[in-house]
Amino acid sequence: MEIRAINTPLLEWTGDALAIGLFEDTNSILTGDMAYLNEKLTDTLSELIEETEFKGKVNSSASTRVGSKKSIRKIIIVGLGKSEELKLETLRQAAATCGRLAKKERCKTLGISLPICDNAEATTTAITEGIELVLHQDNRFKSQLEDQGPDVEKVELIGLAGSDEAIARAQKICSGVILARELVAAPANSCTPITMAETAEALAKEFGLTIEILEQEDCEKLGMGAFLGVAKASDIPPKFIHITYKPEGTPRKKLAIVGKGLTFDSGGLNLKPSGSGIEIMKVDMGGAGTTFGTVKAIAQLKPDVEVHFISAVTENMVSGHAMHPGDFLTASNGKTIEVNNTDAEGRLTLADALVFADKLGVDAIVDLATLTGACVVALGNDIAGLWSPNDDLAGQLAAAAESAGEKLWRMPLEEKYFEGLKAMHADMKNTGPRPGGAITAALFLKQFVKDTPWAHLDVAGPVWIDAENGYNNAGATGYGVRTLVNWVLS
């Protein structure tokens, strides 16, 4: 699909479908160019607004066919809400709606006319992201595709000429989001620790990155008892993956991104029961998927920042080798952990990954993980939780998420809750009391970072959208890639 920015006047654009954003102020909805366009289309626009009772509210839309002798075959209108409340995310969602309707209406060419928010570059980026991501379809595992009509082949952003660089940048970021989606969506018999390592190697080769893959023996030498305790029940060997992007010249800063990489989580001997979501536990590597997606985006954008991408990848399975509830594990920083729940395995793998990252001498570490159901209970499916003892880092991530249109909410690191993690004969247990479970999970991770500024993102909710919730784009979302890219570039 080709996306380009043009300066063709709205009234002169020709193609299959013209999409227009309209504000909620219905008294002025057809003034200026809109009135002339309505006249040119022999009142088609005003009739569409009247017949559908279109009010311009956010997420509203309508479309209709224009007379066959006109230069435009279809007209699409999308609501933008109140003009004074316009945000980049509004434009991103409006563009997605335009793309979805154009596909539904079997249009190969689409013109989009939306107002500028902040500046032309930011507007172009948001619109491009909305179009690219809504039209992505993952058909890798289907033997036969349904006839869904022609693809949208060309999208023209009207009034945004000169923004080609912003389009290219957005497309690079979207390629990372799409990689994250495809990794998370792949079933556990396709996406394994071995194939994750192969994906990492392919990324490193394609973009000239440094890669280090630690095998089980290497991890044993480094004392990664927490990670290996989880891994030992699986027949597939664990892979500890470390990819490094280094810019030319002296980096402005050095960062580390650590992603939880459980390619399948059975719960271990604390087996997840039927109905608990065990069948979707392929998504438990959502943190690693986002990490790899961010690798792809950053490698193409080439910022003046050194970034280390880390994931301890394994399965959490059931076998005669599985760790038992009550086992003691020793992490690579020497801390001992009593495993009182084998289904709290992600934090064990992250423990050794954080110790590894902390030794790299970076300026900040961010980990992200599908870590707790408690975070979903607290914040729902759309919002990730953010924990950090560092206000500056937390603020950077919040601003990065706001710009990306990805929802994030800072949660408390209530230190006294760590009392619930204390063990009788080990330094700590891997789970605490049921209340505040997402907080105690974050407090557990905090024990494996010394002085480096650190933040934890619990993305258990937003990495996957269930079809039964009525969303248009069910499945893997690629959540977090755009936020992390914005953070690295900031």
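Which residues make a nonpolar surface patch of about 260 Å²? The patch is made by L269, L271 and V318. For a patch, residues need over 30% relative accessible area and no salt bridge; like charges are joined within 9 Å, and nonpolar side chains (Val, Leu, Ile, Met, Phe, Trp, Tyr) within 5 Å. Accessible areas come from the Shrake-Rupley method with a 1.4 Å probe, and for residues only the protein chains shown count as cover.

Before I go on, this is a predicted model: local features need pLDDT of at least 70, side-chain atom pairs count only at pLDDT 80 or more, and totals for chains, interfaces and linings use all residues. Residues are numbered from 1 along each chain as its sequence is written, and side-chain values use heavy atoms, with hydrogens and water left out.

Back to L271. This residue lies in the loop between strand 10 (261–265) and helix 9 (286–301); helices (H or I, at least four residues) and strands (E, at least two) are DSSP runs, numbered from the N terminus. L271 is exposed, at 52% relative accessible area. Buried means under 20%, exposed over 50%, and partly exposed in between (1.4 Å probe, protein chains only).

Now the salt bridges. The count is 21, where a salt bridge is a side-chain nitrogen of Lys or Arg within 4 Å of a carboxyl oxygen of Asp or Glu. One of them pairs E156 with R4, the closest N and O atoms being 2.5 Å apart. E156 is in strand 6 and R4 in strand 1, so this pair ties together parts that are 152 residues apart in sequence. E156 is buried at 7% relative accessibility, while R4 is partly exposed at 34%.

Another salt bridge joins R92 and E89, at 2.5 Å from N to O. Both residues lie in helix 3 (residues 88–104), about one turn of the helix apart. A further salt bridge, with 3.7 Å between the closest N and O atoms, is formed by E406 and R482, and both of these residues are buried. E89, R92, E129, E406 and R482 are linked in a network of salt bridges.

Last, how many disulfides does the count come to? The count is 0, a disulfide being a pair of cysteine sulfur atoms within 2.5 Å. For C117, the closest cysteine sulfur is in C98, 16 Å away, which is too far for a bond. C117 is buried, at 7% relative accessibility.
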